Every structure is written in C-alpha cells, then in structure tokens.
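Please keep the sequence and the structure in view while reading.

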Amino acid sequence: MTPIRRQYLAIKRQYPDIIVFFRLGDFYETFDTDAETISSVLGLTLTSREMGKGTRVPMAGIPYHAAEGYIARLLAAGHKVAIAEQVSQPNGRDLVERRVTSVVTPGTVTDPAFVKGSGNSYIVALLSDGQRAGLAYADVTTGELAATTLTADGAGIADAVRRELLRLLPSEIVTREDEQLLDTLDEDTPRSTAPPVVWRYDDACDTIYEHFGVTSLEPFGCHEEPLAARAAGALLAYLQGTQFNSLRQITTLITYSTSGFMSLDAQTRRNLELVESSSRGGGPTLFSTLDETRTPLGARLLRQWLNQPLLNREEIGRRYDGVGWMAKDALTRARVREGLKNVADIERIINRVVNNQAGPRELAALGASLSRLPAIREQLMHADAPDIIGDIPLANRAADEIARGIADDPPALLTHGGAIRPGYSADLDGLRT
C-alpha cells in the first residue's frame, strides 16, 4: 500500500459515513465508494488509480477552485462532505500532511455560496420517550440556539413534532441511532445520528456548561425540562464535531414553549400559503406579498413571525402599535427605508467574523452597514416611538476601524492581496515596498 493510500484510509476511518474530499494538488479526489457516489450524483467519470502493488481503487475528482458548486449539489442530495486539506508545503521528499479542516452538512453550512436566500437554515436535534419529545434547533449562520419539550396532544406526540418541524423546515435532523419517531413522520429531511453518550442527561448538561461557561441550566430555563436539555446538549456536541471552530457565535440558549404560538398543521399551512406556494409551478405566498423588507435580517424576522403566529394579546398589541406608528408617519418610514437600503446581512457576517471565516469584501460590507446605524437611530429614537422599536445600538468604533483598514475595492479572498488600505499599517507598507 502506498503512503498516500495509508494516509487517506486513516482519515476515512474517522469519517466513515461522510464523503471525504482529499486534496491532491489542484484537485479534490475521492476514492472507493465515495468516488462511486459522487460519480453517480454529479455525473463525473469514474476512473481508477494504482495505490499499491496489484491494487487499483475507484477514483473521481473535481478541481478545487470549482468545489463550491459540486458540494452544493451533494448537500442537496443529502450527503455530507469532509474537506481534507494539505496543511504542509510539498518539499519533494516527505509526504504532504493532510487534515480535515471542515465538515459540511446540510444543516451546518456557513459559506455564503451554500446558504440560499435570507431565510434561516436550521438544524434540529430530536429525541422522544413515547409521550414527550425534546427538540432543539440551531442556525449556525445567525447564532440561534433554542430548545423545547413537546407533549402529546390528541393526535399523539408524532403530530406535535410534525407541526414544529413544519414551522422550522430544517435542513438536517440529528437523532439517536435507535430513534424511531422520525420513521412515523414520513420525514424526508436529511438525517444524521449522534452517538448515545451525547444524549445522556449528565453528558448533555456538561456540554452546555462547558460551552457557555456556566454551572447550572437555570439561566436558560430548561433546568426542569430534561428532554429539552438533552436535545440541546446533543445538538451542541454534534455541531462541535462538524464545526472546527469554537461555535463562539452561539452565546445563549433559549427555552421556549409552543403554547404561546398558534400551532398549524400541514393542511392549514398549505391552504394559507404562508411561505410556500401550493401551485405546481410556484406562485405568490403571503410572505412574498407582504415582504417589503429592506434587509436580510428583516426578511428573516418577517418569515419567523408568519410561521409562528402569536397567541399573546399583549405581544400582538406591541406589534400592532409598531406597525401603526410606521404606517401613519410616512416621512419617518421613507427615511428609515432609505437608511436600511444596502445594509448587508450584519447577523451572518458578524458570525463569520467571530469564527475567522469572513473575507475582505464581507468585512467592508459590515463596516458600511454599521456606518448607517446612526442615521437610522436618529430617525427612530423619537419620544412617541412605541416600545417595540427598542434601542438601536451603535458600533461607530468598529465602523471607523474597518473604513480605515480595508481598501475601497477589496478582493474576495485575503490571499489575493490588496485587502488592507495603504497607510493603515506601517509594517505592512514597509514589507510591500
């Protein structure tokens, strides 16, 4: 067996159920059953390569610079991909070191190339005890993490779970290996499993404690909801195994109850066409009809509100007052809409910054967006503004620092050079000279 074959098999043993993209020069190569899978899904030619005396193995590859499109198609087909990069420079003598630097699954993508539209991309963890279910969901692009305990209604626990999944429309569902609840739901969302240990109550709590730096579940409201806590801990553990950063964007856990919202079954959602059209070729929905939002953040919030109608009269009144205030003040509304124009997806960019994933153009867009906040705040901070407006935070120091440091027309990738403005760093200017 060749050294490179041994290296590949050592990596593959760590990711037996995931397609491994193995970097060889300018290509990502796949071998064995992985090669057969991507050949079938992507329509690639299946070849073979000798990797030991008398040993030829199936092989299929793609150019590394075109990987995004291929990975997106594999995700859409329900597959997961581990990226094994070259982490040392070739010297002509020693075997290049390779290590998995990221695992991309349908519910954990953060690259803008894979995240479609402004809607949330949720990953859900689910477990049940027959009468109740613990459900946790996260969006790693926005930093959301929430958990709840679902109880059986007249139609049983499966129906309660089905309604919540219809609201969330997750990209991926994580369960125990022996979880049978999903089998009764006829759920075709990509499914993953996590080992039994992460679902145990004590281990799940330890995962939550360690991530948030706490010693109790009380701050999160799930200290008396063991199933919700187990689902949240298991989901965090799964994310830690796929995200090769510290998940610093997830800063809190929200425990919620579905009793505060109107529960809608599949037939009702189809009839109301809230966010999905029932027409065969697609068509208008309530969301598309109402969506006059100016930012991705606003579009996400509107979609969440439509998917989860309130039952609390006081909260409904707060929203009503806010809409009424904006509706009657046409001048303020026009000025705020103008201020919000060209505001980028601050939420997602900040999460990529936190995890050292943001590129120069994303950082420039963040700085330009933050610089618009003072004008928006000035328009909204009136004495008669309803309390739903809240406080508009300012980030002037961050906006000024980005404007001073990032070039006017930065490249998409830092490695292309020219991202830092001349004059920002004397040391860098000296090295350039």
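Two strands pair if DSSP finds at least two bridges between them. Helices (H or I, at least four residues) and strands (E, at least two) are DSSP runs, numbered from the N terminus. The model is a predicted one, in which local features need pLDDT of at least 70, side-chain atom pairs count only at pLDDT 80 or more, and totals for chains, interfaces and linings use all residues. Residues are numbered from 1 along each chain as its sequence is written, and side-chain values use heavy atoms, with hydrogens and water left out.

## The open sheet

Six strands form an open sheet with mixed pairing, in the order β11-β10-β7-β8-β9-β12. Strands β11 (191-193) and β12 (254-255) stand at its edges with a single partner strand each, so one side of each has no neighbour in the sheet.

| Strands | Sense | Bridges |
|---|---|---|
| β7 (123-128) and β8 | antiparallel | 6 bridges |
| β8 and β9 (144-151) | antiparallel | 8 bridges |
| β7 and β10 (172-175) | parallel | 4 bridges |

Alanine 133 stands opposite leucine 150 in β9, and serine 128 has alanine 133 of β8 as its bridge partner.

In the hairpin of β8 and β9, with 4 residues between the strands, glycine 143 has a positive phi near 90°.

Burial is described by relative accessible area: buried means under 20%, exposed over 50%, and partly exposed in between (1.4 Å probe, protein chains only). Strand β7 is mostly covered, with 6 of its 6 residues buried. Strand β8 (132-139) is also mostly covered, with 7 of its 8 residues buried. In a regular strand the side chains alternate between the two faces of the sheet. From β7, Ile123, Ala125 and Leu127 point one way and Val124, Leu126 and Ser128 the other way, and all are buried.

Just after α3, glycine 78 takes a positive phi of about 90°.

In helix α14 (373-380), the buried residues are Leu373, Ile376, Gln379 and Leu380. Their arc around the axis is only 125°, which places them on the same side of α14. They pack against α10 (313-328), α11 (330-340) and α13 (360-370).

Alanine 66 and proline 411 are 345 residues apart in sequence and 18 Å apart in space, C-alpha to C-alpha.

## The second largest pocket

On a 1 Å grid over the protein atoms alone, a pocket is an open set of points where a 1.4 Å probe fits, with protein on both sides within 12 Å along at least five of seven lines; lining residues have an atom within 4 Å of a point. The second largest pocket holds about 1,300 Å³ of space, a volume being the space filled by probe spheres set on the points. Of the 36 residues that line this pocket, the closest to its centre are Glu68, Asp111, Arg352, Gln357 and Leu413. At least two lining residues each come from α3, β5 (81-86), β6 (98-104) and α13.

Key:
The arc is that of the directions from the helix axis to the C-beta atoms. Contact means heavy atoms within 4.5 Å.
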